[in-house]
Amino acid sequence: MQENVLIIAVQHPNQDEERFQSSLEELQSLTETAQGDVLKIVTQKRDRIHPALYLGEGKAQEIAELVEEFDIELVISNDELSPGQSKNLSDRFGVRVIDRSQLILDIFAQRANTKEGKLQVELAQYQYLLPRLYGQGLALSRLGGGIGTRGPGETKLESDRRHIQRRIDDLKRRLNTVVNQRSQYRKRRKENKAFQIAIVGYTNAGKSTIFNRLTKSQSLEEDQLFATLDPLTRQIALPSGFQTLLTDTVGFIQDLPTTLIAAFRSTLEEVTEADFIIHMVDASHPDQEQHQKTVNRLLGELGADQLPMLTVYNKKDMLTEAFIPSVQPSITISAHDPIDLRRVLHKVEEVMMDQWEPYRVEVDSGDGNFLQLLERKTIVQNKSFKEEIESYVYNGYADPNHPLSYKLKEN
């Protein structure tokens, strides 16, 4: 059942108007994703945040009246609130008050499906709520459920802090075990010299759509923020026959709660372990430039900004004017168009060939294993058969870091 929601936001003097409006639109989308119905948005321009109330006294009184008038059940702040601010506003308005971080954590609690995802979300929620326990307990026990209380929020958070700290320690231990398992899988993939492509991008840019189309998979596809939380990996073949692993990752977002960045570090490590990145961008989104910057900044923080990358501008069918890509190499597509999907794979190979070394090799027709390796582990441009010596001549490109490239140099 939907809850009636009022959004509050303070605009700082140095805050860009466009960026401010964009963050409000994003908060509204996040609220709708969490099954909330935004009935009112109240903003205030202030030189500094009110230490006790976030907004000014007068504005707080105005909101209290709107809460009653519109039968508001939940107030959501665009900025992170201190425990004191959250309690004071809740007392003033007579309804629950949460902030953007708590809302994102709530959506993650709904969307996590794997054991690791659930552990990460629960840990992040406890870490976020621990310093905010004062005043939270009564509200949570009285109202029982709703946006911002899913996951561990439904347990008695007003109970002993030591119990919660023990739970955090326990979750960290369990998560550590799962993380180690994941790193073992990654290590095995590396030992098998499997080439990995990670799909990254701002939330709702179309990552799962392109992943599903390319791999014929069924990962969750929705026109909602954070439809995918748990990374999926599938094997695909590029047009040349080159075999690669493709991974769909969690969507990036501006102002992601720090507890979530820490908790999802192992999930995002799928990106750092990749050999190539496909950066999906919603070309039709008015704030797509900012979205690109957010993703690139987070990639930099993960140490993955040095990897070869193809920027894929998606949703060209929704563009209303001529689109000029801001970065190269790039390609503009619709993820629903099979021809465009083929173009993406060809473009990926083009970018890879720019990074790789060309080779020409003659292989005896009886050496089936080596011929198969060339077909699967290199980008073959052309091949011919010399009848007089019964051997194949291959021309293509090979990853200079793959052991196969040393063997190619010997020939």
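Helices are DSSP runs of H or I with at least four residues, numbered from the N terminus. The legends below describe close-up views of a predicted model.

**View A. Met352 within helix α12.** Met352 belongs to helix α12, which covers residues 338-355. The residue has a relative accessible area of 1% and is therefore buried, the cut-off for this class being under 20%. Beyond its neighbours within four places in sequence, Met352 is in contact with Phe195, Leu238, Phe242, Phe276 and Ile379. Ile379 lies 27 residues from Met352 along the chain, and the C-alpha atoms of the two residues are 8.8 Å apart.

**View B. Helix α4 and its surroundings.** Helix α4 consists of 12 residues, 100-111. From its first C-alpha to its last, α4 reaches 17 Å, close to the 16 Å expected at 1.5 Å a residue. Because 10 of its 12 residues are buried, α4 is largely enclosed by the rest of the structure. Among the buried residues are Arg100, Asp106, Phe108 and Arg111. At the start of the helix, a side-chain oxygen of Asp99 comes to within 3.2 Å of the backbone nitrogen of Ser101.

**View C. Ser77 in strand β3.** Ser77 is part of strand β3, formed by residues 74-77. With a relative accessibility of 0%, Ser77 is classed as buried. A polar atom of the Ser77 side chain is located 2.7 Å from the backbone oxygen of Asp79. When residues up to four places away in sequence are not counted, Ser77 touches Ile8, Leu27, Tyr54, Ile98, Asp99 and Arg100.

Notes:
Residues numbered from 1 in each chain as written. Predicted model: local features only at pLDDT ≥ 70, side-chain atom pairs only at ≥ 80, totals over all residues. Heavy atoms only, no water. Helix = DSSP H or I, 4+ residues; strand = E, 2+ residues; numbered from the N terminus. Buried < 20%, exposed > 50% of the residue type's maximum accessible area, 1.4 Å probe, protein only. Contact = heavy atoms within 4.5 Å. Expected span 1.5 Å × (residues − 1). Polar contact = N/O pair within 3.5 Å; in protein donor to acceptor, adjacent residues only side chain to side chain.
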